[in-house]
Amino acid sequence: MRIAIVGSGYVGLVSGTCFAEMGIKVTCIDTNPEKIERLQNGKVPIYEPELDTLIQKNMRAGRLSFGTDLGAVVNSVDVVFIAVGTPPDEDGGADLSHVLDVAKTFGASAKRFGMTQEQALKTIVEEVYNSESSSLGFSLKDALDLIHNCDCRFSECDPSQDVPF
């Protein structure tokens with residue numbers, strides 16, 4: 001299985017590393033080229049115990065890579081996780097502009113998933129607002145449960161976990 005994780009902050013980077021530790025090929029995508037360059041050079045921008053060691057190990061094993069262009073990898077992966085920031089907007093709700101930007105890029109680039117940009121945007125927005133069910137065959141809750149079971153802080157990424165896709 002190959003996955004892409006869009007967003008290389010705390011959630012995306014730790015989750016991507018845990019997935020790689022389970023043997024899954026992962027590409028972490030971020031729009032910040034400086035962050036990606038640092039990661040490619042083994043410099044981790046956040047602190048989690050043992051995370052730097054796990055990142056380097058999985059990069060050497062060819063299971064973890066980093067890039068800035070979702071469009072370049074979207075057709076070579078089986079799953080795309082969106083782990084971008086959703087800071088508060090003016091009224092205190094979640095600002096979903098970064099999520100919607102990812103949906104637009106996904107829709108414009110994803111040929112193998114057979115979706116137009118509008119369909120991708122609609123599907124992803126529905127996932128955000130209705131996390132219990134999914135037209136994609138899995139829910140956000142399933143994905144979050146899987147990520148929750150990955151604890152890189154203690155090198156306890158559990159490869160026995162079934163991926164619910």
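Mentor: We'll take the fold, then the packing, then a few residues. This is a predicted model: local features need pLDDT of at least 70, side-chain atom pairs count only at pLDDT 80 or more, and totals for chains, interfaces and linings use all residues. Residues are numbered from 1 along each chain as its sequence is written, and side-chain values use heavy atoms, with hydrogens and water left out.

Trainee: Fine. How many helices and strands are in the chain?

Mentor: Seven helices and four strands. Both are DSSP runs, numbered from the N terminus: helices are H or I with at least four residues, strands are E with at least two.

Trainee: In what order do the elements run from the N terminus?

Mentor: β-α-β-α-α-β-α-β-α-α-α.

Trainee: What percentage of the residues is buried?

Mentor: Of the 165 residues in the chain, 39% are buried. Buried means under 20% relative accessible area, exposed over 50%, partly exposed in between, with a 1.4 Å probe and protein chains only.

Trainee: And the accessible surface of the chain, what does that come to?

Mentor: About 8900 Å², with 50% of it belonging to carbon and sulfur atoms. The areas come from the Shrake-Rupley method with a 1.4 Å probe; for residues, only the protein chains shown count as cover.

Trainee: On to packing. Which residues touch the most other members of the largest nonpolar core?

Mentor: Ile 3, Ile 5, Leu 13, Phe 19, Val 26, Leu 64 and Phe 66, out of 21 residues in that core. A nonpolar core is a set of buried Ala, Val, Leu, Ile, Met, Phe, Trp, Tyr and Cys residues joined through side-chain atoms within 4.5 Å.

Trainee: Which elements give two or more residues to this core?

Mentor: Strand 1 (2-6), helix 1, strand 2, helix 2, helix 3, strand 3 and strand 4. Helix 1 supplies the largest share, five residues. Another core lies apart from it, with eleven residues, including Ala 4, Val 73, Val 80 and Phe 106.

Trainee: How many aromatic pairs does the structure hold?

Mentor: One. Rings of Phe, Tyr and Trp (its six-membered ring) pair if their centres lie within 6.5 Å; planes under 30 degrees apart count as stacked, over 60 as edge-to-face and the rest as tilted. Here the rings of Phe 19 and Phe 81 have centres 5.3 Å apart and planes at 20°, so the pair is stacked.

Trainee: Where do Phe 19 and Phe 81 sit?

Mentor: Phe 19 is in helix 1 (residues 10-21) and Phe 81 in strand 4 (residues 79-82).

Trainee: Switching to helix 2. Which of its residues are buried?

Mentor: Lys 35, Ile 36 and Leu 39, in helix 2 (residues 33-40). They cover an arc of only 95° around the axis, which puts them on the same side of helix 2. That arc is the one of the directions from the helix axis to the C-beta atoms.

Trainee: What do the buried residues pack against?

Mentor: Helix 1, strand 2 (25-29), helix 3 (51-60) and strand 3 (64-67). Contact means heavy atoms within 4.5 Å.

Trainee: What happens at the start of helix 2?

Mentor: A side-chain oxygen of Asn 32 comes within 3.0 Å of the backbone nitrogen of Glu 34. A polar contact is a pair of N or O atoms within 3.5 Å; within protein, one must be able to donate a hydrogen and the other to accept it, and residues adjacent in sequence count only if both atoms are side-chain atoms. After helix 2 comes Gly 42, with a positive phi near 80°.

Trainee: Which residue has a positive phi although it is not a glycine?

Mentor: Glu 50, at about 70°. Glu 50 is in the loop between helix 2 and helix 3, and is partly exposed at 39% relative accessible area.

Trainee: Last one. What is Ser 8 in contact with?

Mentor: Leaving aside neighbours within four places in sequence, Leu 13, Cys 28, Ile 29, Asp 30, Lys 35, Ile 36 and Leu 39. Ser 8 lies in the loop between strand 1 and helix 1 and is buried, with a relative accessible area of 1%.
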